[in-house]
Amino acid sequence: APGPLGPRQRCRAVFSETLVVTAAAAPPIWRQLSFSLLLGSFCIALESAAQGNSATDALNILLIIVDDLRPSLGCYGDKLVRSPNIDQLASHSVLFQNAFAQQAVSAPSRVSFLTGRRPDTTRLYDFNSYWRVHSGNFSTIPQYFKENGYVTMSVGKVFHPGISSNHSDDYPYSWSFPPYHPSSEKYENTKTCKGQDGKLHANLLCPVDVADVPEGTLPDKQSTEEAIRLLEKMKTSASPFFLAVGYHKPHIPFRYPKEFQKLYPLENITLAPDPHVPDSLPPVAYNPWMDIREREDVQALNISVPYGPIPEDFQRKIRQSYFASVSYLDTQVGHVLSALDDLRLAHNTIIAFTSDHGWALGEHGEWAKYSNFDVATRVPLMLYVPGRTAPLPAAGQKLFPYRDPFDPASDWMDAGRHTEDLVELVSLFPTLAGLAGLPVPPRCPIPSFHVELCREGQNLQKHLQLHDLEEEPDLFGNPRELIAYSQYPRPADFPQWNSDKPSLNDIKVMGYSIRTVDYRYTVWVGFDPSEFLANFSDIHAGELYFVDSDPLQDHNVYNDSQHGGLLHSLRP
């Protein structure tokens, strides 16, 4: 099997090989002695040292989840953004170029991929219900690892806090002990941003001098420190660990150390390539970015609702602060990965890096998430597996030395292996289970509300096998058969104050979206929130964009294609 062998696996391998050799040539007494020596000196010692899984046999898991991070990273080809530590992780990983979230808002997306179920199964489209009560007692990724002998730990924003995770981040089901939240988190939306008037404001743009903010620190810095502390603790543990680290940035407000602005001079910041609302965009598909408008510095601009636009100079400042927040995030990821190296855990720890959804930076005249466009649903996803995606580090070698984004030498490096295949975040559950050597949960029946353990996503392990893709082109099947699904609810056919985040009872329309290698097709249909039922005979609007000719999804040809019978041929 590819990958490193643990002591127990080595025991079996050596034992089996010895039996084969001795069975052919040795007398029975020698075969018996060989059996006793092996069993006594290695296997029995190993079994008595650890029951079930052990830290020396099982692979650990480090799951890094970032809030609102689109693939604006060097490893995804962005020439502006400096993300050397994430790029370095990508160089030792399999990088998925086309990974998609199932709903572009935090709580529904996180509950979806952490349970391995789609939003129509979790029945969470907003922030106001707990799936174990509201839908079904579904197992989660960390819960499954916990039940299989792992110490499971949560740092920062992993589940969305509040009702959607039972005000406990799903403790004690998912975690071995209560999750950690940074104490400085409570200041994120308070008046800590110094304005041009010298006063403190609750702004969208909020570069800070860390020494001047409450507690003299920021949430992501605290999460990094706690994650490293837990890694140090688990270094000597007899049990394998599952550590999930959730980072806040680049979620708004853009509150980050001000020195990161220097990486992005405003004269280098361009507008989005398509900053205007497309003429052919159905009103129901537009999100009016109401949370952006609530910030004091945006309110001062007196922007019209719902379409804006934001003044161009302020658009550049938003993009500047988003990119600066990404580079700040990158340093935090770099410190955690460097600590993993220093503790000699890189050789037996799987690393998964992803985001809950993307974030529009002015594309289609939109900001934030809350839509079915690629800019809102496409996410970074990379998987590092020791010995599979990269050679095991030699003695004294560091795979993840910290790289300073301010150092010109920390330039972007080539990604390791990458795949263009379309994949979904609901695939994380079966993939991580399989990579860790645990039984992969079975596929969910339809319906599956009564089934505690199953999964609706594909197992992505095939992308981590040691195969030459040119020699075995059929290994991954036909890319045109791959589909990524997403959806988004709306309270009305036209943008209004709650279009971005409608509560369940206010949902009247659901936009179901299909993304293939060739096109994105979205149909907006009537939805009954009391029955959780979509009516596909009640079509309110549609969108169709072809990837090759319209990669930015600016030219909706849905109405044109209806008359040509093309839509019927596109339906899977």
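1. Rings of Phe, Tyr and Trp, the last by its six-membered ring, are taken as a pair if their centres lie within 6.5 Å, and planes under 30 degrees apart count as stacked, over 60 as edge-to-face and the rest as tilted. By this rule the count comes to 20 aromatic pairs, and it should be kept in mind that the model is a predicted one.

2. One of these pairs joins Tyr-322 and Trp-359, which are stacked, with 5.7 Å from centre to centre and 20° between the planes. The two residues are 37 apart and so link distant parts of the chain, Tyr-322 lying in helix H11 and Trp-359 in the loop between E9 and strand E10 (360-361). Both Tyr-322 and Trp-359 are buried, and together with Phe-254, Tyr-264 and Phe-323 they form one aromatic cluster.

3. A second pair is tilted, because the ring centres of Tyr-512 and Phe-536 are 5.2 Å apart and their planes stand at 40°. This pair also links distant parts of the chain, with Tyr-512 in strand E16 (residues 509-515) and Phe-536 in strand E18 (residues 533-546), 24 residues apart. Tyr-512 is buried, at a relative accessible area of 15%, whereas Phe-536 is partly exposed, at 47%.

4. Aromatic rings also meet charged groups in the model: the charged end of Arg-132 sits over the ring of Tyr-173, 4.0 Å from its centre, and Lys-233 lies over the face of Phe-177, at 5.5 Å from the ring centre.

5. The largest pocket has a volume of about 680 Å³. Its lining comprises 29 residues, of which Arg-70, Glu-363, Val-375, Arg-378 and Leu-552 are the closest to the centre. Strand E2 (94-100), helix H11 (312-342) and helix H12 (374-377) are the elements that give two or more residues to this lining. By class, the lining has 10 nonpolar, eight polar and 11 charged residues.

6. What encloses helix H13? The helix (residues 428-435) has eight of its eight residues buried, so it is largely enclosed by the rest of the structure. Its buried residues, including Leu-428, Phe-429, Pro-430 and Leu-435, pack against helix H4 (106-115), helix H7 (141-147), strand E9 (349-355), strand E13 (381-384) and strand E14 (417-424). H13 is followed by Gly-437, where phi is positive, near 85°.

Terms used
Residues are numbered from 1 along each chain as its sequence is written. This is a predicted model: local features need pLDDT of at least 70, side-chain atom pairs count only at pLDDT 80 or more; totals for chains, interfaces and linings use all residues. Side-chain values use heavy atoms; hydrogens and water are left out. Buried means under 20% relative accessible area, exposed over 50%, partly exposed in between (1.4 Å probe, protein chains only). Helices (H or I, at least four residues) and strands (E, at least two) are DSSP runs, numbered from the N terminus. Contact means heavy atoms within 4.5 Å. On a 1 Å grid over the protein atoms alone, a cavity is a set of points where a 1.4 Å probe fits but cannot get out, and a pocket is an open set with protein on both sides within 12 Å along at least five of seven lines; lining residues have an atom within 4 Å of a point. Grid points are joined across faces, edges and corners, and a volume is the space filled by probe spheres set on the points. Ala, Val, Leu, Ile, Met, Phe, Trp, Tyr, Cys and Pro count as nonpolar, Asp, Glu, Lys and Arg as charged, and the others, Gly among them, as polar. A charge sits over a ring if NZ of Lys or CZ of Arg is within 6 Å of the ring centre and within 35 degrees of the ring normal.
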